[in-house]
Amino acid sequence: MGKKKILIIDDEEEILEMLKQGLELRSSYEVSIASEKDQYKDLLDNEAFDVIFLDHRMPVIKGANLAVDIRNSDGPNQNTIIVFISGNIKEVKALASSLSLSFFLQKPLILEELYELLDSL
């Protein structure tokens, strides 16, 4: 089985780097990162991912809006698993249950929980 391709979209650079480094400790993941201000649109339009980690609250675009855009697109990630990451678990729980193939993790993130979720998918 090949590596799982993962995309992480978050507005906080330190979270992007921490998640990327933590996931790359395992050789079974190929990780791409994007802030809400940069190349996430190109990545979503041109690369198929197995899992997308999506920050729920970002200043420029809300994770919920981006998730709906992904689901409504004709791109390669229309049916990709989306994992919302947020400190507001109640809000994200309702959102994740309303979108197919969606899950959530609460900030602060614990790498073991991340690994467990990815292993279960």
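Trainee: In β5, which residue is the bridge partner of F84?
Mentor: F104 is the partner of F84 in β5. This is a predicted model, where local features need pLDDT of at least 70, side-chain atom pairs count only at pLDDT 80 or more, and totals for chains, interfaces and linings use all residues. Residues are numbered from 1 along each chain as its sequence is written, and side-chain values use heavy atoms, with hydrogens and water left out.

Trainee: How many bridges join β4 to β5?
Mentor: 5 bridges join β4 to strand β5 (residues 102-106), and the two run parallel. Strands pair if DSSP finds at least two bridges between them. Strands (E, at least two residues) and helices (H or I, at least four) are DSSP runs, numbered from the N terminus.

Trainee: And β3, how does that strand run against β4?
Mentor: Parallel, with 5 bridges joining β3 (residues 51-55) to β4. V51 has I81 as its bridge partner in β4. The chain crosses from β3 through α3 to β4, and this β-α-β crossover is right-handed. Right-handed means that, with the strands pointing away from the viewer, the path from the first strand over the helix to the second runs clockwise.

Trainee: Is β4 buried or exposed?
Mentor: Buried: 6 of the 6 residues of β4 (residues 81-86) are, so the strand is largely enclosed by the rest of the structure. Buried means under 20% relative accessible area, exposed over 50%, partly exposed in between (1.4 Å probe, protein chains only).

Trainee: Which residues sit on each side of β4?
Mentor: I81, V83 and I85 lie on one side, with I82, F84 and S86 on the other. Both faces are covered.

Trainee: Switching to α3. Which of its residues are buried?
Mentor: In helix α3 (residues 63-72) they are G63, A64, L66, A67, I70 and R71. They cover an arc of only 165° around the axis, which puts them on the same side of α3. The arc is that of the directions from the helix axis to the C-beta atoms.

Trainee: Where is G75?
Mentor: G75 is in the loop between α3 and β4. At 24% relative accessibility, G75 counts as partly exposed.

Trainee: New topic. How many salt bridges in the whole structure?
Mentor: A search finds 6. A salt bridge is a side-chain nitrogen of Lys or Arg within 4 Å of a carboxyl oxygen of Asp or Glu.

Trainee: What does D10 meet in a salt bridge?
Mentor: K107, at 3.5 Å, N to O. D10 lies in the loop between β1 and α1 and K107 in the loop between β5 and α5 (111-120), so the pair ties together parts that are 97 residues apart in sequence. Both residues are buried, with D10 at 0% relative accessibility.

Trainee: Which residues are in the network with D10?
Mentor: E12, D55 and K107 are linked with D10 in a network of salt bridges.

Trainee: What about K20, which residue does its side chain meet?
Mentor: K20 meets E24 in a salt bridge (2.7 Å, N to O). Both lie in helix α1, 4 residues apart, about one turn of the helix. E24 counts as partly exposed, at 38% relative accessibility.

Trainee: And R26, what is its partner?
Mentor: D119, in a salt bridge at 3.1 Å, N to O. The pair links distant parts of the chain: R26 is in the loop between α1 and β2 (29-34), D119 in helix α5, 93 residues apart. R26 counts as partly exposed at 27% relative accessibility, while D119 counts as exposed at 51%.
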